[in-house]
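Visitor: I am new here and would like to learn how to read a few features. Could you walk me through them?

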Amino acid sequence: MTATTLLGGCANSSKPAAPTNTSSGSSTSSSSNFIGYGVVEDIETIKVSDDGKNIAGTLIGGAVGGLLGHQVGSGRGQTAATVAGAVGGAVAGHEIEKRTQAGSREEYRVRVRLSNGTTHTVTQSSVSDIKVGDRVRVDNDRVSRAN
């Protein structure tokens with residue numbers, strides 16, 4: 001149980017990837033992270049793969065399998081059943097978690113030519129109705145239509 005608890009702290013949370021931000025040109029940092037206004041030059045669809053670390057499912061499956069295996073037999077047979085249950089449960093838990101999580105998802109890399117002439121690129125999970133040539137606002141690592 002101690003090993004399970006310790007390894008549980010290493011579990012990968014299923015939070016979506018944070019947007020990435022690259023810029024060619026200087027930008028000042030402020031509390032609102034407002035970058036500026038500009039025009040969309042390019043929108044590229046990219047595939048983001050699952051990192052393959054399905055630790056939580058493996059740990060939970062192993063614990064449940066070990067508990068169930070422990071209910072079978074007595075003595076050395078009980079120990080063998082506990083180990084077999086833990087291993088089988090871990091494998092099953094890993095597979096279940098892997099199948100329930102999307103193997104890959106689409107994100108969008110949006111390149112914006114800012115009013116000051118620099119280019120700013122943001123990767124985000126959706127672009128809504130934004131298309132190349134639209135006037136946009138870049139704020140908090142998000143591109144949105146300018147009002």
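Guide: Gladly! Let us begin with a pair of strands: valine 138 has valine 143 in β6 as its bridge partner. This is a predicted model, where local features need pLDDT of at least 70, side-chain atom pairs count only at pLDDT 80 or more, and totals for chains, interfaces and linings use all residues. Residues are numbered from 1 along each chain as its sequence is written, and side-chain values use heavy atoms, leaving out hydrogens and water.

Visitor: How many bridges join β5 and β6?

Guide: Strands are DSSP runs (E, at least two residues), numbered from the N terminus, and two of them pair if DSSP finds at least two bridges between them. Here β5 and β6 (residues 142-145) are antiparallel, with four bridges. They form a hairpin with two residues between them, and asparagine 140 in the turn has a positive phi of about 55 degrees.

Visitor: Is aspartate 139 buried or exposed?

Guide: Buried means under 20% relative accessible area, exposed over 50%, and partly exposed in between (1.4 Å probe, protein chains only). Aspartate 139, in strand β5 (residues 135-139), is buried because its relative accessibility is 18%. Its side chain reaches the backbone nitrogen of phenylalanine 34 at 3.3 Å.

Visitor: What describes a pair of aromatic rings?

Guide: The distance of the centres and the angle of the planes. Rings of Phe, Tyr and Trp (its six-membered ring) pair with centres within 6.5 Å; planes under 30 degrees apart are stacked, over 60 edge-to-face, and the rest tilted. The count here is one aromatic pair. Phenylalanine 34 and tyrosine 37 have ring centres 5.5 Å apart and planes at 65 degrees, so they are edge-to-face.

How values were computed. A polar contact is a pair of N or O atoms within 3.5 Å; within protein, one must be able to donate a hydrogen and the other to accept it, and residues adjacent in sequence count only if both atoms are side-chain atoms.
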